[in-house]
Amino acid sequence: MRILVLGGNGFVGYNFVKKMSLLNHEITSFDRNFTYDFIEGVRYIEGNYNEISNHKSIFKNLDVVYQFISTTLPKDSNLNPIFDIETNLCNLIKLLDLIVENNIKKIVFISSGGTVYGDQNLESISEQSSTDPLSSYGIVKLAMEKYIQLYSKLYGVNYSIFRLSNPYGPYQNTLKDQGIIGIFIRKFIENGEITIWGDGNIIRDYIYIDDVIEILNRDLMKNIDNNILLNLGSGKGSSINEILNLIERISNKKINILYKESRSFDVKKNILNIDKISNTFDWKPKHDIEEGIQNTYKWLKNNYKSN
């Protein structure tokens, strides 16, 4: 396949490019900078996603575009919704126009299983559950899904939309304010201090990055001409306190943990129902939370950098 990966230097993007390069796909990786090692055989294009229309040449003769870029985080998106809309939603529409213009078969989009549903009192959340986001981030992700579906109806663009839970694992940037497992492990390695918003009983669905990449690979092989919207998670929930206890045991360390008042945009419980994706791809996640954290701790310790 001839593949363009937007956000190829990001956490999911880099892991995906790394895997796809081993399978002899023709890959172009686009990002504003490249901090990881260059992968042999991959074409790298440095550029600003906000100026994606200035990079028309990279859209020639493609089969699939993967859109992994997000310019905001759930915690800061409410501070500037206009920026969120302009840099994520508007840029997606520009991207979709380029896909139509170049007769590209398909777009694969990573949406947010952790924010599009909002705060729901459910044991697990299926794709049929209501959507009531608590943040601009979630609202914009939902709108992006709808525009992709609109372009499919209007112009025949095929799509795979994955409502991803909370991925973690090697190559995650632990200096950012997203991805608590990586951030927590870094704090343990540094003997630092961890701040928790609330009592630590917030429950999330965490999925190891290799399981995410396995689904993306299966989708590429199976669904080039199909349209799907699926939850992508582990189907199991862990509280922040449970995560901390696991890291304490694996690292054989204890560090100071500071609990602060909870935040209004933090969903209390979010566990994705993965029945649909499991049936679609005959798939179950291979890595449970303990094995995933062990792998992540080992990788981060071996690749630790202070800045």
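This is a predicted model: local features need pLDDT of at least 70, side-chain atom pairs count only at pLDDT 80 or more; totals for chains, interfaces and linings use all residues.
**Aromatic pairs**

- Rings of Phe, Tyr and Trp (its six-membered ring) are paired here if their centres lie within 6.5 Å; planes under 30 degrees apart are called stacked, over 60 edge-to-face, and the rest tilted.
- The count by this rule is 12 aromatic pairs.
- One of them joins Phe16 and Phe68 edge-to-face, at 5.8 Å centre to centre with 85° between the planes.
- This pair links distant parts of the chain, 52 residues apart: Phe16 sits in helix H1 (residues 11-21), while Phe68 sits in the loop between strand E4 (64-67) and helix H2 (74-77). Helices (H or I, at least four residues) and strands (E, at least two) are DSSP runs, numbered from the N terminus.
- Phe16 counts as buried because its relative accessibility is 1%, and Phe68 is buried too, with a relative accessible area of 15%. Buried means under 20% relative accessible area, exposed over 50%, and partly exposed in between (1.4 Å probe, protein chains only).
- Tyr168 and Tyr208 make another edge-to-face pair, with 5.6 Å centre to centre and 65° between the planes.
- Tyr168 belongs to strand E7 (residues 166-168) and Tyr208 to strand E9 (residues 203-208), so this pair ties together parts that are 40 residues apart in sequence.
- Both Tyr168 and Tyr208 are buried.

**Nonpolar cores**

- A nonpolar core is a set of buried Ala, Val, Leu, Ile, Met, Phe, Trp, Tyr and Cys residues joined through side-chain atoms within 4.5 Å.
- The largest one has 33 residues, and those with the most contacts inside it are Phe16, Phe162, Leu216, Leu232 and Ile277.
- Elements that give two or more residues to this core include strand E1 (2-6), strand E6 (158-164), strand E10 (228-232) and helix H8 (275-281).
- Leaving aside neighbours within four places in sequence, Phe162 is in contact (heavy atoms within 4.5 Å) with residues including Val108, Ile110, Leu216, Leu232, Ile277 and Phe281.
- A second, separate core of 28 residues includes Leu98, Ile104, Tyr151 and Tyr159.

**Salt bridges**

- A salt bridge is a side-chain nitrogen of Lys or Arg within 4 Å of a carboxyl oxygen of Asp or Glu, and a search of the whole structure finds 11.
- Arg186 and Glu190 meet in one of them at 3.2 Å, N to O. Both lie in helix H5 (residues 180-190), 4 residues apart, about one turn of the helix.
- Arg186 counts as buried at 9% relative accessibility, whereas Glu190 counts as partly exposed at 32%.
- Arg218 and Glu214 meet at 2.6 Å, N to O. Both lie in helix H6 (residues 209-222), again 4 residues apart, about one turn of the helix.
- Arg218 is partly exposed, with a relative accessible area of 26%.
- Lys254 and Glu248 form a salt bridge at 3.0 Å, N to O. Lys254 counts as exposed at 67% relative accessibility, while Glu248 counts as buried at 16%.

**A buried loop residue**

- Asn102 lies in the loop between helix H3 (81-101) and strand E5 (106-112).
- Asn102 is buried, with a relative accessible area of 15%.
- Apart from its neighbours within four places in sequence, Asn102 is in contact with Phe59 and Lys60.

**Cavity lining**

- On a 1 Å grid over the protein atoms alone, a cavity is a set of points where a 1.4 Å probe fits but cannot get out; lining residues have an atom within 4 Å of a point.
- Grid points are joined across faces, edges and corners, and a volume is the space filled by probe spheres set on the points.
- The whole structure has 1 cavity of 30 Å³ or more, and the largest cavity has a volume of about 30 Å³.
- Its lining consists of Ser70, Thr72, Asp84, Asn88, Tyr137, Val140, Lys141 and Met144.
- H3 and helix H4 (136-155) each supply at least two residues of that lining, and H4 gives the most, with 4 residues.

Notes. Residues are numbered from 1 along each chain as its sequence is written. Side-chain values use heavy atoms; hydrogens and water are left out. On a 1 Å grid over the protein atoms alone, a cavity is a set of points where a 1.4 Å probe fits but cannot get out, and a pocket is an open set with protein on both sides within 12 Å along at least five of seven lines; lining residues have an atom within 4 Å of a point.
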